[in-house]
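Reader: I have a chain to look at and some first questions. Could you take me through the model step by step?

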Amino acid sequence: MNASAPNQNELGAALKRWFGFDHFRPGQEAVVRDALAGRDLLAIMPTGGGKSLCFQLPALLKPGVMIVVSPLIALMQDQVRLLGEMGIAATFLNSTLSGAEASARSAALLRGDYKLLYLAPERLMLPEFREGLLMRLMASPGVSAITIDEAHCVSEWGHDFRPEYRQLGALREQLPDVPMFAFTATATQRVRGDIAAQLHLREPAMHLASFNRPNLYYAVRPKTQQTYTQLLALARDGGSGIVYCLSRRRVDELSAKLAADGVRVAPYHAGLDADTRADNQERFIRDDAQVIVATIAFGMGINKPDVRWVAHYDLPRTMEGYYQEAGRAGRDGEPSRCILFFGLGDIRTAEFLIAQKTHPETSLPLEQEQRVARQQLRQVLDYAESHECRRAVQLRYFGETFEGNCGACDNCLEPKVTEDWTLEAQQLLSCVARLAQRGERFGSAHVIDILRGSENQKLIDRGHQQLSTYGIGRARTLDEWRAVVRTLLHQGVLDETTDGYPVLRLTAASRDVLKGQRQIDVVPPPKRESAAERRAK
Ligand code: ADP
Ligand code: ZN
């Protein structure tokens, strides 16, 4: 089979001829070569890495038609249109076509007029299709390969699970001689393993590109009264931007506010009807709307290469989700910014959303799903609260090692100023220890109340005024104590477990701090504006 493998010049010429590019991007050529060799393959490339070309070029160079499975009709239409503009014969079959149009396309496919056929998974798996058109295509002009785009949709561990993708595994048996190519930008190892297993890939050639996106700048900013102003400044700096929020209500509020401040903005969430959604998306792609404010329903497969910034107004649910959403910036390789706004209130909201879940979203039992969700939240917090290079934290999460000091994140460019608050840490830990001696466990709010000498009734009823740690922390504000708690949790010196509600516990590392063998450095929280100061503005 390899006898006909194209040499370097031939591949380069095909790249230039069909796509107009002079060079392959890192990793592309190796994938193309394996695809041409007829092996199954699993290619994991970050968004903007240039995945599409890796199967489109082989489709052009191999005899027959390639079937491309794609999860969204909009995505399919977009790709087919782009290919058409480049003079590449591609088409799709889906439910939006009239019967006559579908028959005409099927006839053209059988004549060998097309090199690529895009399909939704449910159409490909229909018995009528699998035993009908698919078999006839196999006979002539032949099926060069089946490409599964957005292959992470097969996995419940991914962020866009699609049950229809599960059935694709049956294709390996039906078409033993047709190579299968799975492509995804999903970075977690668990999902990668799941893809190969679920699709029954046969000794796939694995291609794993680095997930580092050097052109993206990452920063986390504290949520304060100035957050909206900072967002507005981002928008006014110019360039297309996406703002992600957790709830539809927040999307509506924020887009109304930005519009009132003169920003050309469009909202996007699942509560809007399909036409409005499609319309708003289209306006954003055409640059009629500069900014789109959206829930996470927005974005998969949106091919807008020149998004200059992505802001998260709320805490993302998973690191993977954050990476993907932020990664919609700068697909064209130009410098772009990813800003996460984060405040302690976000933690409460996230915990609340997990706790109040009543129906699992996956096939896991609810309790297990909640446990996974808490673990994911912990990872997001680790990122948000870290003083380390943001890139290093992200890439470590995806199993890559990165030395750090990337020169393009807030922590590398403006290292946080920390203060030695070991004493405060000891005060807090000993308060938790005293309570534990009495067989009691409380959440951080109550522990801070004790330290600050609060006179709230619950505290008095429990006799906590008698504790030796009562009132020893009056010198610090509530925000400062919260920063101490967050730092201790982040460093694993303190643990928070749920006991109906979250309660603090000591860990093995707490003792080192209590014995003065470990120093605790804290980034002091931003000073809160008092109501009087606000009024004075
Ligand atoms: P993704 O991996 O996110 O699906 P795409 O396939 O959409 O990425 O490619 C992202 C962008 O990079 C597109 O605008 C594409 O035209 C461009 N691109 C892909 N390969 C190359 C290349 N070898 N040289 C220059 N630009 C490329
Ligand atoms: Zn960095």
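Reader: Where does Glu 203 lie?
Author: This is a predicted model, in which local features need pLDDT of at least 70, side-chain atom pairs count only at pLDDT 80 or more, and totals for chains, interfaces and linings use all residues. Residues are numbered from 1 along each chain as its sequence is written, while chains are lettered from A and ligands numbered from 1 in the order in which they are written. Helices (H or I, at least four residues) and strands (E, at least two) are DSSP runs, numbered from the N terminus. Glu 203 lies in the loop between α11 (189-198) and β7.

Reader: Is Glu 203 buried or exposed?
Author: Count the other C-beta atoms within 10 Å of its own, with C-beta atoms placed from the backbone: 20 or more is buried, 12 or fewer is exposed, and in between is partly exposed. Glu 203 has 9 such neighbours, so it counts as exposed.

Reader: What is the phi of Glu 203?
Author: Glu 203 is not a glycine. Still, its phi is positive, at about 35°.

Reader: Which peptide bond is cis, with omega near 10°?
Author: Look at the loop between α8 (133-139) and β5, where Pro 141 lies. The cis bond runs from Ser 140 to Pro 141.

Reader: What is the strand order in the open sheet of seven strands?
Author: Strands of a sheet pair through backbone hydrogen bonds, either parallel or antiparallel. Two strands pair if DSSP finds at least two bridges between them. Here the pairing is parallel, and the order is β3-β4-β2-β5-β6-β1-β7.

Reader: Which strands are the edge strands of that sheet?
Author: An edge strand here pairs on one side only. That holds for β3 (90-93) and β7 (205-208).

Reader: How many bridges join β2 and β5?
Author: Strand β2 covers residues 65-69 and strand β5 covers residues 143-148. Met 66 stands opposite Ala 145 in β5. The two strands pair in the parallel sense, over five bridges.

Reader: Which helix packs on the sheet, touching β3 and β4?
Author: Residues are in contact if their C-beta atoms, placed from the backbone, lie within 7 Å. Axes are lines fitted to C-alpha atoms, for helices over the stretch in contact, and angles run from 0 to 180 degrees between N-to-C directions. The helix makes about 160° with the direction of β3. It is α4 (residues 73-85).

Reader: What is the average twist in the open sheet of six strands?
Author: This sheet has the order β8-β13-β12-β9-β11-β10, with parallel pairing. Its edge strands are β8 (216-222) and β10 (265-268). From one strand to the next, the twist averages 15°.

Reader: Which residue stands opposite Ile 242 in β11?
Author: Strand β9 (residues 240-244) and strand β11 (residues 291-294) pair in the parallel sense over four bridges. Opposite Ile 242 stands Ile 292.

Reader: How is α20 placed against α23?
Author: The axes of α20 (residues 422-437) and α23 come within 10 Å and cross at roughly 80°. Angles under 35 degrees count as roughly parallel, over 145 as roughly antiparallel, 65 to 115 as roughly perpendicular and the rest as oblique. That makes α20 roughly perpendicular to α23.

Reader: Which residues of α23 meet α20?
Author: From α20 come Glu 424, Ala 425 and Leu 428. The residues of this contact divide into five nonpolar, no polar and one charged. In α23, the partners are Val 484, Val 485 and Leu 488.

Technical notes
Contact = placed C-beta atoms within 7 Å. Nonpolar A, V, L, I, M, F, W, Y, C, P; charged D, E, K, R; others polar.
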